Amino acid sequence: MIQKKLIQDTPKNTIVEISRNSPNFPYLLNNIKDSPDQLYAIGNTQLLNMPSVAIVGTRKPTKDAAKAAENIARLYGKNGFIIVSGLALGVDSIAMKSALKVEAPVIGVLPSSVDNIVPKKNIYIANKILEKNGLLISERNNGSNVQNYHYIKRNRIISGISMAVIVVETATKGGTMHTVNFAKEQIRPILVVDLPAEGNQKLKKESYPIISINTNHND
C-alpha cells in the first residue's frame with residue numbers, strides 16, 4: 001500500500017492505494033468485467049469486503065422518492081448492511097445522510113480522485129462518512145481532472161462492490177440507468193421502488209422485484 005497525505009480543503013486523512021492483488025481489494029469487484037487495477041481509498045478499507053447494498057437514483061428526486069431513499073437506507077443500515085452510493089446530489093446524498101443517522105457505515109464512490117470531492121457541496125457529507133468510520137474510494141489518482149466519462153465508469157464500481165442495487169427513482173436514461181446496466185452485466189440483484197418514474201416502470205415491466213414502501217411524509 002502507498003500512503004499519501006490529502007491536500008487542503010479535503011478530509012484530513014490518509015490516501016491508501018489498494019491494488020487488485022491486495023487482500024483488501026473487494027472480492028466482488030475483482031470478478032467483474034473491466035475491474036479497476038487499483039482503488040484509492042480514505043477511511044475504513046475493511047468495509048470493502050463486508051455485505052453492502054447500493055442505493056441509487058436521480059439527482060432531483062420527488063418527495064416520495066426522497067422519503068423512500070431515507071427509509072430504505074435506514075432499514076438496510078439498521079440490519080447490518082454497508083450503504084454504497086455515488087456521493088452525488090439527490091438520492092445519493094439522502095441515502096447516505098439517512099444511513100449515517102442510524103450509525104450505518106457508508107461507502108462513497110467518487111468519479112473524481114478522493115482528494116477532490118465532487119460535488120463540492122458534499123464535502124460535508126464526505127467528512128461525516130469518515131467521522132463515522134466509513135470509506136471514500138475512487139479509481140482515480142489524486143490530482144486527476146474529472147471527465148464526463150468518469151461518472152459512467154464510477155457507476156460500475158458502485159454496483160461492482162455491492163451485493164444488490166436498489167433503484168429509488170430514475171428516468172429511462174442517465175447515470176442511474178448506467179448503474180442498472182452495469183448491475184445487469186455483473187449479475188447483481190436489482191430492486192426497484194414502486195414509483196411512477198419512467199425508468200422505474202420500465203424495470204418493473206422487466207420483472208425486477210418491486211419495493212413498496214411507506215412514503216408518508218408525516219412519519
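**View 1. Helices α3 and α4 cross in a left-handed way.** In this predicted model, the crossing counts as left-handed because the near helix is turned anticlockwise from the far one by less than a right angle (clockwise would be right-handed). Helix α3 covers residues 91-101 and α4 covers residues 123-131; they pack at about 35°, with axes 11 Å apart. Axes here are lines fitted to C-alpha atoms, for helices over the stretch in contact, and angles run from 0 to 180 degrees between N-to-C directions. On the α3 side, the contact uses Ser93, Met96, Lys97 and Leu100, and on the α4 side Ile125, Lys128 and Ile129. Contact means heavy atoms within 4.5 Å. Helices (H or I, at least four residues) and strands (E, at least two) are DSSP runs, numbered from the N terminus.

**View 2. Helices α2 and α3 make a right-handed crossing.** Take α2 (residues 63-78): α2 and α3 pack at about 40°, and their axes sit 8 Å apart. From α2 come Ala66, Ala69, Glu70, Ala73 and Arg74, which meet Val91, Ile94, Ala95, Ser98 and Ala99 of α3.

**View 3. Helix α3 is mostly covered.** How many of its residues are buried? That's 8 of 11, including Asp92, Met96 and Leu100. Buried means under 20% relative accessible area, exposed over 50%, and partly exposed in between (1.4 Å probe, protein chains only). The buried residues of α3 pack against β4 (52-56), β5 (82-85) and β6 (106-109), as well as α2 and α4. Just after α3, glutamate 103 takes a positive phi of about 65°.

**View 4. Tyr27, Leu28 and Met163 make a nonpolar surface patch.** The patch has an area of about 310 Å². Patches join like charges within 9 Å and nonpolar side chains (Val, Leu, Ile, Met, Phe, Trp, Tyr) within 5 Å. Areas come from the Shrake-Rupley method with a 1.4 Å probe; for residues, only the protein chains shown count as cover. Tyrosine 27 belongs to helix α1 (residues 27-30) and is exposed, at 58% relative accessible area.

**View 5. Methionine 50 lies in the loop between β3 (38-43) and β4.** Methionine 50 is partly exposed, with a relative accessible area of 37%.

**Notes.** Residues are numbered from 1 along each chain as its sequence is written. Local features need pLDDT of at least 70, side-chain atom pairs count only at pLDDT 80 or more, totals for chains, interfaces and linings use all residues, and side-chain values use heavy atoms, leaving out hydrogens and water.

Conventions:
Patches are made of residues with over 30% relative accessible area and no salt bridge: like charges are joined within 9 Å, nonpolar side chains (Val, Leu, Ile, Met, Phe, Trp, Tyr) within 5 Å. A salt bridge is a side-chain nitrogen of Lys or Arg within 4 Å of a carboxyl oxygen of Asp or Glu.
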